[in-house]
Amino acid sequence: MAVMKKYARHVLCAIQETTAYRASYFINIVSQFVSYIAIFFLWRAVYTGSSVIGGMDWSDMQGYLLISLFTSALISGSSEFRVSRAIWTGNIAVELVRPVDYQTANLSITVGNGIAEGVLVAAIGIVFALLIGFAAPPASPVTWLCFLVAVACSFITKFLIVYIFGLFTFWTTGGMGLSWLRRGLTDFFSGAIIPLSFFPGWLKAAADVLPFRGIVSVPATIFIGRLPSSQILLTFAVEAAWIAALWFFARLVWYFAMRKVTIHGG
Amino acid sequence: MNVIETKGLCKSFRSPLKKPGVLGAVRHLVKPEHREIIAVTEVDLAIAAGESVAYVGPNGAGKSTTIKMLTGILLPTGGEVRVNGLHPYHQRMRNSKNIGVVFGQRTQLWWDIPVIESFTLLRDIYEVPEKTYAENLAYFTGMLGLAEFLNQSARRLSLGQRMRCDLAVALMHNPAIVFLDEPTIGLDVAVKERIREFLKTVNRERGVTIMLTSHDLDDIEDVCRRLIIIDTGRIIYDGSIQGLLDKYVKQRSIRIIAGAKIDKAQAVGAMPAGVEIVTASDREMTVEFDRFRYTAKDVLEIIMKAAEVVDFQLEEPDIERVVKNVYEGRLELEQGD
C-alpha cells in the first residue's frame, strides 16, 4: 500500500510539474500538431489520385493520422531526455540515495506527464477531427475498449524504449544521437509516418515482430477497424510479451549501467 | 556501535587515455586506450553512532567518491563496507531509508513545483508516518526558517534557501546518519552559520551521526569533533581536531609593534633556543615560539628586553594552517588516535 502511494505521488507531482508553466505546456503540445498538419496535407494530396491505397480509404487514413498524432504526443520531449539528462548532469546521484525503484519512478513520472498532456492532446484532437470532417469513430463499445487497452500498451512500450535508450547514455555520455536513433526507429517501425500496410512484404514482416508497431499501428488500426477482430487477442498477447521482455531488459541494462556509474566531482 | 565501517575500501575508475590533438582523438576513436585511476585506496573507517566527523582533503582527494560508496551510488572495487550493518550498494533500497544525503551542488527538490510538494513526495518515498512528518516539518521549518518560501517553486529560491530546504529533506525521515557533501559551498556567512547551528543541534538533540566534507574549515571546527584527512585516495589523519593541533602545531607566534627602531642584530641575539624571529622590519617584528616550552608571557618578556613594545598580537594555532600545510605536501602526517 505504502509502495503504491510513493509511486502515485510521483504521478501527482509530474502532473503539477507539466502544468507549471502554461505557455510551455501549450507550446509543447501545439508544436506536435504543426508537423501533423503538414503530414495530413501530404496524405490528402496522395489520396486525390486514388480512393484506396494499401487497403485504406481517405476516411481510414484520417482516423489513422489522428490516432498516430494522439499516441505520439502522449510521451513528449519532457520524458524523452529525463534519464539522459539525469545521467550527464550527474543528478542521478540524488535519485539513487532514495528508497525508490528508478524504473518504476520514471514510469510514474511519465504517466503523470502523459495524463497532463493527454487531456489537452485529446481535446485538440477532437477539434482537429471536427475541422477536417472526420466522421467515422468506432461504433462498438468493444472496439473502444480494445482501443483503450492498445493505447495503454502503446504508452508503456514507448516509455520502455525511451527509457532504455536513455540508460545507454551511461556509455555514450551524450543523449542527442541516441534520441535521434530512437526516434528514427520508432517513427518508422511504429507506422507513425507511413502505415505498415504500405510496406513491402519483407519489411512489414519485420515490423510485425518488432515491439514498435504497438506504439502507433496497433491502436490506430483498431480505431479504424482495420485490425481483424480474430487477430486482436493475439496482438495483445504479443504486446504483453514484448512489454515484459523490455521491462526485464531495462532492468538488465540498469544493472550493468550502475556498475559503470562515474559521477564527476571527485 | 559503529554505524559506518569500512576495511580496505578501494575504488578505481577506468579513464580514457587520449593523445593530444585531433590525431590523438581519432586514434582513440579507432582504438581506445584506458588507464586505471585510483580514487580511493585502503580506506579504513570506524564511525560510532552520534559522532560528528569532518572528512577533509584537497580537490580530487577521494572525499566524494568515499561518500558515494557509503551512500550506495558507487560500487567499491575492493574492500568491505557496512553502513548501519548493511551493504550500501547491494542493499541500496534498505540502506537509503537509514541515511540522509545532502549534495551541496545538487538538489532533491523538483524545480517546477512548490517546495512543500517535494516534501510530500519525499514523505511518501520514505514512508514517513503522518505524525512524524508533521512534527519534523514544524521543527525544521522553525529552525531553518523555511515558512516564507515553502509554497514557492525551487527554481525561484536563492541558493541559501534551497540548501536549507535540502537539509530539511535529508532529515525528514529521521535517518541515523546524514552525509553532507560540501553543504555550505557558495553560501553567505549568515546562512553558513545557520546551517552549522542546525547541524550541531540535530547531532546533539537527535543523536544523528554526521559525516561532512567541506573546504570551509570553520564548518569543520564548529560542527565536528573528529577529523579525517584524506589525500590522493589515502587516509592520512584520523583523530580529534585538538589532537591534530597538539601534534603538528608546535608553534605559536607573537607580532609586535615597536615604539622605536628595532635593533635587529641585538634582537636576534636575545632569543633563546625555541624562539625565532620570522619577520622583522624597523618597527615591526614577528616571533615564533615552541608553545610547549614557553608561555606567551615568557616570550613577551624576552622581546621587551630587546625592543620597545607598544602593541602586540598573539596568533593562536589554527587548523587552517595545518590543513593548508598538509594539502601543500609540507607536512607528513601519521595516523592519529
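Lys131(B) counts as exposed, at 62% relative accessibility; here buried means under 20% relative accessible area, exposed over 50%, and partly exposed in between (1.4 Å probe, protein chains only). The salt-bridge partner of Lys131(B) is Glu135(B), with the closest N and O atoms 3.2 Å apart. This is a predicted model, in which local features need pLDDT of at least 70 and side-chain atom pairs count only at pLDDT 80 or more, whereas totals for chains, interfaces and linings use all residues. Residues are numbered from 1 along each chain as its sequence is written, chains are lettered from A and ligands numbered from 1 in the order in which they are written, and side-chain values use heavy atoms, with hydrogens and water left out.

**Overall architecture of chain B**

- Chain B contains 12 helices and 13 strands; these are DSSP runs numbered from the N terminus, with helices (H or I) of at least four residues and strands (E) of at least two.
- The C-alpha trace of chain B spans about 75 × 60 × 45 Å along its principal axes.
- Two domains are assigned in chain B: domain 1 (50-77 + 84-246) and domain 2 (250-316), with bounds that come from an automatic or database domain assignment.
- The C-alpha centres of domain 1 and domain 2 of chain B are 45 Å apart.
- Of the 337 residues in chain B, 53% are buried.
- Of the contacts (heavy atoms within 4.5 Å) in chain B between residues at least 6 apart in sequence, 71% join residues at least 24 apart.
- Chain B has an accessible surface of about 15700 Å², and carbon and sulfur atoms account for 50% of this area; accessible areas come from the Shrake-Rupley method with a 1.4 Å probe, and for residues only the protein chains shown count as cover.

**Salt bridges**

- Over all chains, the whole structure holds 22 salt bridges, each defined as a side-chain nitrogen of Lys or Arg within 4 Å of a carboxyl oxygen of Asp or Glu.
- Asp124(B) and Arg9(A) pair through their side chains in a salt bridge (2.7 Å, N to O). This pair crosses between chains, linking helix H4 (residues 115-125) of chain B, which holds Asp124(B), to helix H1 (residues 2-18) of chain A, which holds Arg9(A).
- Both partners are covered: Asp124(B) is buried at a relative accessible area of 3%, and Arg9(A) counts as buried at 18%.
- A network of salt bridges links Lys5(A), Arg9(A), Arg123(B), Asp124(B) and Glu130(B).
- Within chain B, Glu135(B) and Lys131(B) share helix H5 (residues 130-144), where they are 4 residues apart, about one turn of the helix. Glu135(B) is partly exposed, with a relative accessible area of 45%.
- Arg196(B) and Asp216(B) form a salt bridge whose closest N and O atoms are 3.4 Å apart. Because Arg196(B) belongs to helix H7 and Asp216(B) to the loop between strand S7 (209-213) and helix H8 (217-223) of chain B, the pair ties together parts that are 20 residues apart in sequence. Arg196(B) and Asp216(B) are both buried.

**Asn203(B)**

- Asn203(B) is located in helix H7 (residues 189-206) of chain B and is buried, with a relative accessible area of 8%.
- A polar atom of the Asn203(B) side chain lies 2.8 Å from the backbone oxygen of Val208(B), and one lies 3.2 Å from the backbone oxygen of Gly50(B).
- Not counting residues up to four places away in sequence, Asn203(B) touches Gly50(B), Glu51(B), Ser52(B), Val208(B), Ile210(B) and Arg225(B).

**Lys63(B)**

- Lys63(B) is found in helix H2 (residues 63-70) of chain B and counts as buried, at 4% relative accessibility.
- The backbone oxygen of Pro58(B) is 3.4 Å from a polar atom of the Lys63(B) side chain.
- Apart from its neighbours within four places in sequence, Lys63(B) is in contact with residues including Tyr55(B), Glu182(B), Thr213(B), His215(B) and Ile230(B).
- Although 149 residues apart along the chain, Lys63(B) and Leu212(B) have C-alpha atoms separated by 9.4 Å.

**Nonpolar surface patch of chain A**

- Trp171(A), Phe249(A), Leu252(A), Tyr255(A) and Phe256(A) make up a nonpolar surface patch, with about 520 Å² of accessible area together. Patches are made of residues with over 30% relative accessible area and no salt bridge; like charges are joined within 9 Å, and nonpolar side chains (Val, Leu, Ile, Met, Phe, Trp, Tyr) within 5 Å.
- Helix H13 (residues 229-260) of chain A gives the most to the nonpolar patch, with 4 residues.
- Tyr255(A) lies in helix H13 of chain A and is partly exposed, with a relative accessible area of 43%.

Methods:
Polar contact = N/O pair within 3.5 Å; in protein donor to acceptor, adjacent residues only side chain to side chain.
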